[in-house]
Amino acid sequence: MINRRHIRVKVMQSVYAMQQSNSQDLVKEEKFLKHSIQKMFDLYVLNLQLLVEVQKLARKRIELSKKKILATKEDLNPNTKFINNRLLNLLTESVSLEGYVELNKLNYWDLDDKYVQIIFDELLESDMYKKYMDTVEDSYNVDRSFVINFFRDIVAPNEKLADYFEDKMISWVDDMPFVNTWVLKTLNKQSPNNPFILGSLYKDDDDKQFVSALFNKTMLHHHKYEEDIKEKTPNWETDRIADVDMILIKMAITEFLHFPSIPSRVTINEYIELAKDYSTSKSGHFVNGILDKLAKDYLASNAMVKIGRGLL
């Protein structure tokens, strides 16, 4: 499921895009934000489905080899360890995975099956595959470890696949690292005794509502926040502050003033990390300094009121 760190990233991207385009249509931009997050779930599903399609290709090759006129002993009695992989079979047999693919028309691997071939060929050439196929131990844990290594070492870092995803949706460039981690966690947690069921995109309704609330409140109040920011940056003109830094500071102020259950220290730490990842090398330190001063002022003036877990 998506976490609040990535929700903040998505909101940051939408605020930036809206400001750069000078759009005033908040409803339209919020719809696009939610669409972008939903498409990230599509990317997650596509990665899982790719594993299924690679196994299907392997199974198809074995069946074709058996039908050769001059079939060898190896063709007639192939090593079926990969096509019998228990974790991959759980994905293949998953009604929820197949249903989501069909419902949302995610037929990417039918239309662009060359990428399935690319991943399969790379797998066949890997030492990991050879070692797995020669492993005597036959257990779910061995199967799961292999699939995790397969995804982590071959699928996730594949540049051709990454370029393909980027061509399909530009926002997937930033989503890929998060989605890759999400897939690995999913594979690791899957039990051999339960069918594979797609989880939810959001942890709960609070996180789902957090998307809209953070975006809308930031956009509705961002001009008002600029005065507070100016007071804490007397040696800086606002147009000298990096656009991303300014957006992150405004989003943090929104959390200070409009999200009483989020501790101010959590907010500050989150936006420091986002500044480090998405802005300049000095942005983390800069954002930290501004937010620390603002938090103290808001607390002293009772503008920032935290309740429940927000007090922690």
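**Exercise 1. Locate Asn22 and state whether it is buried or exposed.**

Solution. Asn22 sits in the loop that links α1 (4-21) to α2. The model is a predicted one. The relative accessible area of Asn22 is 60%. The cut-off for exposed is over 50%, so Asn22 is exposed.

**Exercise 2. Describe the chain as a whole: its helices and strands, its spans and its buried share.**

Solution. Begin with the elements: the chain has 15 helices and 0 strands. Then take the extent of the C-alpha trace, which is about 85 × 40 × 35 Å along the principal axes. Of the 312 residues, 48% count as buried. Last, turn to the contacts with a separation of 6 or more: residues 24 or more positions apart account for 81% of them.

**Exercise 3. Work out where Asn47 lies, whether it is buried or exposed, and which residues it touches.**

Solution. Asn47 is part of helix α2, which covers residues 26-66. Its relative accessibility is 3%. Buried means under 20%, and therefore Asn47 counts as buried. Now look at its side chain: a polar atom there lies 2.9 Å from the backbone oxygen of Leu43. Finally, set aside the neighbours within four places in sequence; Asn47 is then in contact with Phe151, Val155, Phe165, Val179, Asn180 and Val183.

**Exercise 4. Classify the packing of α13 with α14 from the angle of their axes, and name the residues in contact.**

Solution. The axes of α13 and helix α14 (residues 264-278) come within 10 Å and cross at roughly 165 degrees. Angles over 145 degrees count as roughly antiparallel, so α13 is roughly antiparallel to α14. The crossing of α13 past α14 is right-handed. On the α13 side the contact is made by Val244, Leu248, Met251, Ala252, Glu255 and Phe256, and on the α14 side by Ser264, Thr267, Ile268, Tyr271, Leu274, Ala275 and Tyr278. Sorted by type, the residues of this contact are 10 nonpolar, 2 polar and 1 charged.

**Exercise 5. Do the analysis again for α13 with α15: classify the angle, then list and sort the residues that meet.**

Solution. Helix α13 spans residues 243-258 and helix α15 residues 283-300; they pack at an angle of about 30 degrees, with their axes 10 Å apart. An angle under 35 degrees counts as roughly parallel, so α13 is roughly parallel to α15. The crossing is right-handed. From α13, Asp245, Ile249, Ala252, Ile253, Phe256 and Leu257 take part; they meet Ser283, Phe286, Val287, Ile290, Leu291, Leu294, Ala295 and Tyr298 of α15. By type, the residues of the contact of α13 with α15 are 12 nonpolar, 1 polar and 1 charged.

Notes. Residues are numbered from 1 along each chain as its sequence is written. This is a predicted model: local features need pLDDT of at least 70, side-chain atom pairs count only at pLDDT 80 or more; totals for chains, interfaces and linings use all residues. Side-chain values use heavy atoms; hydrogens and water are left out. Helices (H or I, at least four residues) and strands (E, at least two) are DSSP runs, numbered from the N terminus. Buried means under 20% relative accessible area, exposed over 50%, partly exposed in between (1.4 Å probe, protein chains only). A polar contact is a pair of N or O atoms within 3.5 Å; within protein, one must be able to donate a hydrogen and the other to accept it, and residues adjacent in sequence count only if both atoms are side-chain atoms. Contact means heavy atoms within 4.5 Å. Axes are lines fitted to C-alpha atoms, for helices over the stretch in contact, and angles run from 0 to 180 degrees between N-to-C directions. Angles under 35 degrees count as roughly parallel, over 145 as roughly antiparallel, 65 to 115 as roughly perpendicular and the rest as oblique. A crossing is left-handed if the near helix is turned anticlockwise from the far one by less than a right angle, and right-handed if clockwise. Ala, Val, Leu, Ile, Met, Phe, Trp, Tyr, Cys and Pro count as nonpolar, Asp, Glu, Lys and Arg as charged, and the others, Gly among them, as polar.
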